[in-house]
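Biologist: I would like to learn how to read the features of a model like this one. Please give the general idea each time, then the case at hand.

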Amino acid sequence: MTATHDRPQMLPEEFEEYARLAARVAEGVRWEFINGKIGVTPVPDGDHGRIIQWLARICIQAHPDLWLHDQGLKVETYRNGHARPDGTLAQSDAFVGQGEWADAGPVLMVVEVTSYDSDTDRRDRVEKPRAYAETGIPVYLLVDREAGEVTVFSEPDGVRYESTKTVPFGKPLTLPGPVGVTLDTEPLQGWVR
């Protein structure tokens with residue numbers, strides 16, 4: 001890290017290089033650069049992956065021109081860095097040529113599936129909703145495995161999401177426009193610890 005009195009924080013570009021090196025040594029963790037700080041989260045488990053597959057299938061059936069990408073996003077407005085959502089819904093070619101960290105402009109929805117770690121509350125329930133709302137992403141879907149519920153955040157006002165709806169696993173949840181899909185959340189009950 002290059003640190004001076006004028007710039008005590010690591011630059012996102014510096015973090016990317018360190019994260020690539022660390023990934024070769026530390027297996028089983030994912031590195032994130034949030035609000036100028038390095039964070040480490042566990043690599044997603046099989047149930048986590050299955051939830052993303054389930055959601056990708058639903059989205060592509062409803063909107064064949066869209067895809068649920070695994071794409072890092074620039075969310076400079078709050079985090080002064082980058083975020084890697086578990087899923088990023090956008091046109092299938094939205095990120096062609098953009099590299100590891102893409103502009104969030106074409107994103108219709110981001111998805112986070114909670115992990116079983118001590119940081120998930122702050123990260124997925126507090127910091128990421130704010131960062132995504134500040135960035136102007138229309139819909140944020142949180143699949144909260146610990147609470148056994150799904151929350152959809154919508155209507156970002158540049159600071160926060162003005163609309164939030166939460167349902168327990170097993171109840172239907174309609175995702176507002178521009179997504180406009182109703183989720184039958186029953187299968188989620190089988191993909192939690």
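This is a predicted model: local features need pLDDT of at least 70, side-chain atom pairs count only at pLDDT 80 or more; totals for chains, interfaces and linings use all residues.

Biologist: How many helices and strands does the secondary structure of the chain come to?

Modeller: Helices (H or I, at least four residues) and strands (E, at least two) are DSSP runs, numbered from the N terminus. Here the chain has four helices and 13 strands.

Biologist: What share of the residues is buried?

Modeller: Buried means under 20% relative accessible area, with a 1.4 Å probe and protein chains only. Of the 193 residues in the chain, 46% are buried.

Biologist: Which strands make up the open sheet of six, and in what order?

Modeller: Two strands pair if DSSP finds at least two bridges between them. The order is β3-β6-β8-β9-β10-β11, and the pairing is mixed. At the edges are β3 and β11 (161-168), each pairing on one side only.

Biologist: Where does the mixed pairing show?

Modeller: β3 and β6 run antiparallel and are joined by four bridges, with Leu-66 opposite Gln-91 in β6. β6 also pairs with β8 in the antiparallel sense, over three bridges; there Gly-87 stands opposite Val-111. By contrast, β8 and β9 run parallel, joined by five bridges, and Glu-112 faces Leu-142 in β9. As for cover, four of the five residues of β6 (87-91) are buried.

Biologist: What is the order of the open sheet of three strands?

Modeller: That sheet runs β5-β4-β7, again with mixed pairing. β5 (82-83) and β7 (101-102) each have a single partner strand, so one side of each lacks a neighbour in the sheet. β4 (residues 72-74) runs parallel to β7, with two bridges between them, and Leu-73 stands opposite Ala-102.

Biologist: Which residues touch the most other members of the largest nonpolar core?

Modeller: A nonpolar core is a set of buried Ala, Val, Leu, Ile, Met, Phe, Trp, Tyr and Cys residues joined through side-chain atoms within 4.5 Å. The largest has 28 residues, and Leu-55, Met-109 and Leu-141 touch the most other members. Helix α2 (46-62) is among the elements that each supply at least two residues; its seven residues are the largest share. A separate core of 17 residues includes Leu-73, Ala-94, Phe-95 and Tyr-161.

Biologist: What is Met-109 in contact with?

Modeller: Contact means heavy atoms within 4.5 Å. Apart from neighbours within four places in sequence, the contacts of Met-109 include Leu-55, Cys-59, Gly-87, Leu-141 and Val-179.

Biologist: How many aromatic pairs does the structure hold?

Modeller: A pair of aromatic rings is described by the distance of the centres and the angle of the planes. Rings of Phe, Tyr and Trp (its six-membered ring) pair if their centres lie within 6.5 Å; planes under 30 degrees apart count as stacked, over 60 as edge-to-face and the rest as tilted. The structure holds four such pairs. Trp-54 and Trp-191 are edge-to-face, 6.3 Å centre to centre with 65° between the planes. Trp-54 is in helix α2 and Trp-191 in the segment after β13, 137 residues apart. Tyr-140 and Phe-153 are stacked, at 5.0 Å and 20°. Tyr-140 lies in β9 and Phe-153 in β10, so this pair ties together parts 13 residues apart in sequence.

Key: Residues are numbered from 1 along each chain as its sequence is written. Side-chain values use heavy atoms; hydrogens and water are left out. Buried means under 20% relative accessible area, exposed over 50%, partly exposed in between (1.4 Å probe, protein chains only).
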